[in-house]
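Biologist: I would like to learn how to read a model like this one. Please take me through it feature by feature.

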Amino acid sequence: MMEGTLTALGTLLIVVCILFAAWWFTRKVAGGGRLNIQSRYMRIIDRIPVSQDKFIILLQVGDKIYLAGVAASSVTLLAELDEEPEELPPRQMQNLTEVNFKELFQKMGRRNNGK
């Protein structure tokens, strides 16, 4: 009885260690989701995902600012800006308690039924 419990605990410990090692290795290989590369001449000011592997980035090279589209196999210059754009104010979240779901579903039902 005791041997079976020890075997089960040992197996569980091995599985947990393997899962932790896989998680750690994935974070190291992927860089934690960000490129931690430092450059003396360039910096990415901001980036926004457009799809799974496509981004729009705001890049500073010296005194110039560039807007570029980045895909898995290409980088496309979209615009050269004279100055860094102003930071946008944070988006205000709508208070979900103010949403009348009954009216929302009725509108959706009318749209789907062609009314």
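Modeller: Start with one residue. Met2 is exposed, because its relative accessible area is 58% and exposed means over 50%. Keep in mind that this is a predicted model.

Biologist: Where is Met2 found?

Modeller: Met2 is found in helix α1, which spans residues 2-30. Together with Leu6, Leu9, Leu12 and Val16, Met2 makes a nonpolar surface patch of about 520 Å².

Biologist: How many helices and strands are there in the protein chain?

Modeller: The protein chain has 2 helices and 4 strands. Read from the N terminus, the elements run α-β-β-β-β-α.

Biologist: What does the chain as a whole look like in terms of burial and contacts?

Modeller: Of the 115 residues in the protein chain, 6% are buried. The accessible surface is about 11,100 Å², and carbon and sulfur atoms account for 60% of that surface. Among contacts with a separation of 6 or more, 4% are between residues 24 or more positions apart.

Biologist: In what order do the strands of the open sheet come?

Modeller: The order is β1-β2-β3-β4, with antiparallel pairing. Strands β1 (42-51) and β4 (75-81) are the edges, each pairing on one side only. From one strand to the next, the twist averages 20°.

Biologist: How many bridges join β3 to β4?

Modeller: Strand β3 (residues 64-70) is joined to β4 by 6 bridges, and the two run antiparallel. One of the pairings involves Ile65, whose bridge partner in β4 is Leu81.

Biologist: Why can side chains pair by charge?

Modeller: Side chains of opposite charge can pair when their charged atoms come close. The cut-off for a salt bridge is a nitrogen-to-oxygen separation within 4 Å. By this rule the count here is 3.

Biologist: Which side chain does Glu80 meet in a salt bridge?

Modeller: Glu80 meets Lys64, at 3.5 Å from N to O. Glu80 lies in strand β4 and Lys64 in strand β3, so this pair ties together parts 16 residues apart in sequence. Both ends are partly exposed: Glu80 has a relative accessibility of 46%, and Lys64 has 43%.

Biologist: And the other two?

Modeller: Arg43 and Glu84 form a salt bridge at 3.8 Å, N to O. That pair links distant parts of the chain, with Arg43 in strand β1 and Glu84 in the loop between β4 and α2 (101-113), 41 residues apart. Lys54 and Asp53 meet at 3.7 Å, N to O. Lys54 is partly exposed at 41% relative accessibility, as is Asp53 at 39%.

Methods:
Residues are numbered from 1 along each chain as its sequence is written. This is a predicted model: local features need pLDDT of at least 70, side-chain atom pairs count only at pLDDT 80 or more; totals for chains, interfaces and linings use all residues. Side-chain values use heavy atoms; hydrogens and water are left out. Buried means under 20% relative accessible area, exposed over 50%, partly exposed in between (1.4 Å probe, protein chains only). Contact means heavy atoms within 4.5 Å. Accessible areas come from the Shrake-Rupley method with a 1.4 Å probe; for residues, only the protein chains shown count as cover. Patches are made of residues with over 30% relative accessible area and no salt bridge: like charges are joined within 9 Å, nonpolar side chains (Val, Leu, Ile, Met, Phe, Trp, Tyr) within 5 Å. Two strands pair if DSSP finds at least two bridges between them. Axes are lines fitted to C-alpha atoms, for helices over the stretch in contact, and angles run from 0 to 180 degrees between N-to-C directions.
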